[in-house]
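Open the model in your viewer and keep the selection panel at hand. This tour goes stop by stop, with something to select at each one.

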Amino acid sequence: MTGAEVLLEALVREGVEVIFGHPGGAIMPVYDALYHRKELRHILTRHEQGAGHAATAYARASGRVGVVFATSGPGALNLTTALADAMMDATPLVAVTGQVPTTAVGTDAFQEADVTGVTMPITKHNYLVADVNDLPRVVKEAFHIARTGRPGPVLIDLPKDVQNDAFTGDFPEQVDLPGYRPTYKGHPRQIERALAALSAAERPVLMVGGGAQHAADPIRRFVERTGIPAVATLQGLGVVAADDPHYLGMPGMHGTVAANRAIHEADLILGIGLRFDDRVTGDVERFAPNLKTLIHVNIEPADIGKVIEAQIPVVGDAAWVAERLAEGAGPLKIEPWWRRIRAWQAENPLPFPDDGELRSQAVIRAFGEATGGEAVVVTGVGQHQMFAAQFYPVKKPRSFLTSGGLGTMGFGLPASIGAQVARPGETVLLFDGDGSFQMTLQELATVSKYRLPVKIVLLNNGFLGMVRQWQDLFYEDRYSEVFLADSNPDFVKLAEAYGIPAFRVERREEVEDAVERVLGEPGPVLAEFRVKAEEGVFPMIPAGGSTEDMITEPPEEARS
Amino acid sequence: MKQRHVISVLVEDHPRVLTRITSMFARRGFNIDSLAVGRTHLPGVSRISFVVEGDDRTLEQVEKQLNRLIEVLKVVDHEGPRLERELALVKVRVEGIEERIELKEIAEAFRAQIVDVARHALTFEVTGHPAKIDRFLEELSNYGVLETMRTGAVAMDRGERVIKLRARREAV
């Protein structure tokens with residue numbers, strides 16, 4: 001067996017079925033071996049970043065480890081954004097990159113880059129394999145590290161000569177990583193304390209994040225049993241169903257008034273699988289000023305106490321801990337608290353201007369209604385992403401795939417590919433903006449190549465809308481370099497050029513028909529909605545602000 | 001409140017493990033005052049000592065972020081009674097016999113050894129707590145210090161306390 005064959009054998013042994021990637025000189029032995037292994041499906045993207053985001057979405061939509069291949073130098077460097085993205089949003093990924101032969105490493109050889117050096121801070125761990133006999137162990141460790149603890153990307157840099165070397169070693173059955181032993185079971189004493197604090201709380205709030213996506217069942221039982229008000233961060237959307245009466249929406253910068261007010265007034269927060277990102281907390285000093293007890297459940301000890309001090313830290317797996325909490329907790333007596341929350345909800349619905357103009361909010365809501373909140377939603381980054389988070393009623397876990405931590409524009413289209421590959425029978429809805437979409441639009445070719453029935457909903461406002469919104473609010477309307485409409489392509493023709501049916505919607509009254517047309521399309525489709533350009537995402541808590549600084553409605557002049 | 005801490009880290013002796021640690025320190029904005037590395041009696045295990053300054057919260061993050069690294073086996077903040085030593089080599093210019101005598105006296109007071117003698121230069125070797133080395137260098141600053149090299153502090157708990165590694169155990 002050659003190193004390349006060993007790699008593929010090791011992947012098969014890990015249960016890998018799909019690989020996203022792009023070949024090149026230094027990884028050709030692997031691609032040659034792949035030619036013979038028909039049980040491994042390879043999705044060829046048009047750019048390595050696309051392969052990385054596709055693998056990320058595949059992992060998050062399926063709960064499995066995403067696998068991505070790239071060649072050395074530029075190939076591997078093109079992956080870095082996707083690796084950093086996966087690192088921030090705790091996504092299990094194994095990336096295999098070709099490297100120049102060991103004899104050439106360090107000589108500035110053709111297509112050489114120090115990929116283990118470059119990716120050190122943006123991977124959970126990485127390897128440079130110098131001996132082919134280490135390869136099965138390295139692959140086994142990589143998958144173990146990627147999927148356990150706080151999940152993350154692991155990169156294996158594989159020199160070309162090692163891919164060709166003859167293998168004489170063994171495939172280990174187990175891993176031995178003495179420095180890596182994640183804690184799964186929360187400490188029983190801490191769980192007892194948490195339960196006691198919960199039952200004593202007057203104004204408790206449950207906050208769930210991306211680390212709770214695999215724990216939706218026990219968390220939903222816990223919510224049902226206790227009657228606790230629940231909020232979900234951007235990555236936690238779908239952990240609690242959007243139509244659950246206990247659900248208050250998303251907190252943070254573009255969160256609902258009710259979610260943010262509840263956190264502001266809460267005396268106890270039970271945070272599961274989140275890390276209190278600055279888009280959630282705003283000014284840390286003024287975050288949740290009435291908080292007496294934070295119960296912080298996270299599998300990564302370093303994420304507990306990093307931003308907000310936790311009175312009851314629980315290091316452990318979200319599902320394991322939630323299961324114990326669901327078993328141990330009883331109904332909470334918090335009727336006065338709920339009355340206050342219901343009042344905030346009644347007084348502050350999400351601003352939904354529906355004045356006959358074509359707006360993103362109406363488009364997203366229409367798709368939400370037509371799909372019953374059951375689609376797998378993927379987004380790019382920008383205003384459309386926040387509108388999707390606000391207006392698409394996510395019902396299921398692992399069904400809202402978005403770049404949260406890194407905020408990677410261009411995430412959407414390749415991610416929709418990975419999502420559709422992971423969940424072939426389901427409707428994958430991509431909400432993207434014209435700016436974000438153009439960062440990775442070459443992956444239309446990938447959609448077309450595999451006839452993936454992705455529904456691309458392009459919310460075209462002709463601007464870098466989120467930047468424009470900040471310029472509106474904080475830079476006295478100086479719209480510096482945000483105008484795209486003068487040079488945007490004809491997106492309908494563009495999609496058609498890739499063999500993807502497409503059409504354009506310009507009027508509000510066409511939305512419902514357009515939604516029906518998109519969802520009725522058996523294959524891929526792109527619908528371009530020419531949405532109102534002068535639009536802001538509200539409510540908004542300015543960066544570094546607190547709930548008290550919340551702007552709930554667009555300023556007067558912006559509305560005209 | 002900021003305090004000086006000496007931290008010992010046992011690591012797997014792999015290529016780039018030191019880079020992983022120092023890069024993490026730099027990225028997280030933790031300042032390293034000194035750093036020393038060496039092998040241990042355990043095969044494949046190296047030991048790194050850091051001197052860092054920070055408040056409790058920063059130190060908690062330093063320890064947790066170190067523990068996050070796969071190749072880090074054990075992190076210990078030496079908070080109790082500890083031995084702390086550093087070694088320094090110092091080369092000083094000497095002009096004339098009087099200076100030579102004065103320097104020898106200073107060396108004796110600090111139990112520094114003269115390890116190299118030349119016509120116009122003396123080289124001292126001194127070991128001890130980093131604070132002692134600071135004072136020694138301060139004394140010498142009245143003379144012509146030509147070159148200094150300090151190893152960074154190494155530390156160990158006093159008494160019978162030892163840093164134990166968990167027994168190697170097979171995980172899934």
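This is a predicted model: local features need pLDDT of at least 70, side-chain atom pairs count only at pLDDT 80 or more; totals for chains, interfaces and linings use all residues.

## Stop 1: two domains of chain A

Now show the contact between domain 2 and domain 3 of chain A. It takes 17 residues from domain 2 and 19 residues from domain 3. The two domains bury about 1,400 Å² between them, and 62% of that is on carbon and sulfur atoms. On the domain 2 side, select Leu234(A), Leu237(A) and His254(A). These three lose the most area to domain 3 of chain A, together 41% of what that side buries.

Which residue forms a salt bridge with Asp243(A)? Select Lys395(A): the closest N and O atoms of the pair are 3.9 Å apart. The count between domain 2 and domain 3 of chain A is one salt bridge.

## Stop 2: the nonpolar cores

Stay on chain A and select Ile219(A) and Phe529(A). In the largest nonpolar core, which has 93 residues, these two touch the most other members. Next, select helix H12 (residues 318-328) of chain A. H12 gives this core its largest share, six residues. Domain 2 and domain 3 of chain A each supply at least three residues to this core.

As a general point, nonpolar side chains in soluble globular proteins tend to be buried together.

Go back to Ile219(A) and show what surrounds it. Beyond neighbours within four places in sequence, Ile219(A) is in contact with Leu206(A), Val208(A), Ala212(A), Val239(A), Val240(A), Ile272(A) and Ala322(A).

## Stop 3: helix H6 of chain A

Select residues 135-147 of chain A, which form helix H6. The helix has 13 residues and reaches 18 Å from its first C-alpha to its last, close to the 18 Å expected at 1.5 Å a residue.

Is H6(A) largely enclosed or largely open? Ten of its 13 residues are buried, so H6(A) is largely enclosed by the rest of the structure. Show the side chains of the buried residues: Leu135(A), Pro136(A), Val138(A), Val139(A), Glu141(A), Ala142(A), Phe143(A), His144(A), Ile145(A) and Ala146(A).

Then bring up what they pack against. The partners in chain A are helix H1 (3-13), strand S3 (66-70), strand S4 (93-99), strand S5 (125-128) and strand S6 (153-159). Just after H6(A), click Gly149(A), which takes a positive phi of about 60°.

## Stop 4: helix H1 of chain A

Move to H1(A), one of the packing partners of H6(A). Eight of the eleven residues of H1(A) are buried, so this helix too is largely enclosed by the rest of the structure. Select the buried ones: Gly3(A), Ala4(A), Val6(A), Leu7(A), Leu8(A), Glu9(A), Ala10(A) and Leu11(A). Following H1(A) is Gly15(A), with a positive phi near 85°.

## Stop 5: where chain A meets chain B

Show both chains. The contact takes 28 residues from chain A and 24 residues from chain B. Together the chains bury about 2,400 Å², 46% of it on carbon and sulfur atoms. In chain A, select Met120(A), Pro178(A) and Arg181(A). They lose the most area to chain B, together 27% of what that side buries.

The count between chain A and chain B is two salt bridges. For one example, select Glu300(A) and Arg68(B), which form a salt bridge with the closest N and O atoms 3.5 Å apart.

## Stop 6: inside chain B

Finish on chain B, which is divided into domain 1 (3-79) and domain 2 (83-154). Over C-alpha atoms, the centres of these two domains of chain B are separated by 29 Å. Seven residues of domain 1 are in contact with seven residues of domain 2 in chain B. The area buried between them is about 430 Å², with 51% from carbon and sulfur atoms. On the domain 1 side, select Arg4(B), Ala36(B) and Ser49(B), which lose the most area to domain 2 of chain B, together 59% of what that side buries.

How values were computed: Residues are numbered from 1 along each chain as its sequence is written. Chains are lettered from A and ligands numbered from 1 in the order in which they are written. Side-chain values use heavy atoms; hydrogens and water are left out. A nonpolar core is a set of buried Ala, Val, Leu, Ile, Met, Phe, Trp, Tyr and Cys residues joined through side-chain atoms within 4.5 Å. Buried means under 20% relative accessible area, exposed over 50%, partly exposed in between (1.4 Å probe, protein chains only). Helices (H or I, at least four residues) and strands (E, at least two) are DSSP runs, numbered from the N terminus. Domain bounds come from an automatic or database domain assignment. Contact means heavy atoms within 4.5 Å. The expected span of a helix is 1.5 Å times one less than its number of residues. Buried area is the accessible area (1.4 Å probe) that two parts lose on being put together, summed over both. A salt bridge is a side-chain nitrogen of Lys or Arg within 4 Å of a carboxyl oxygen of Asp or Glu.
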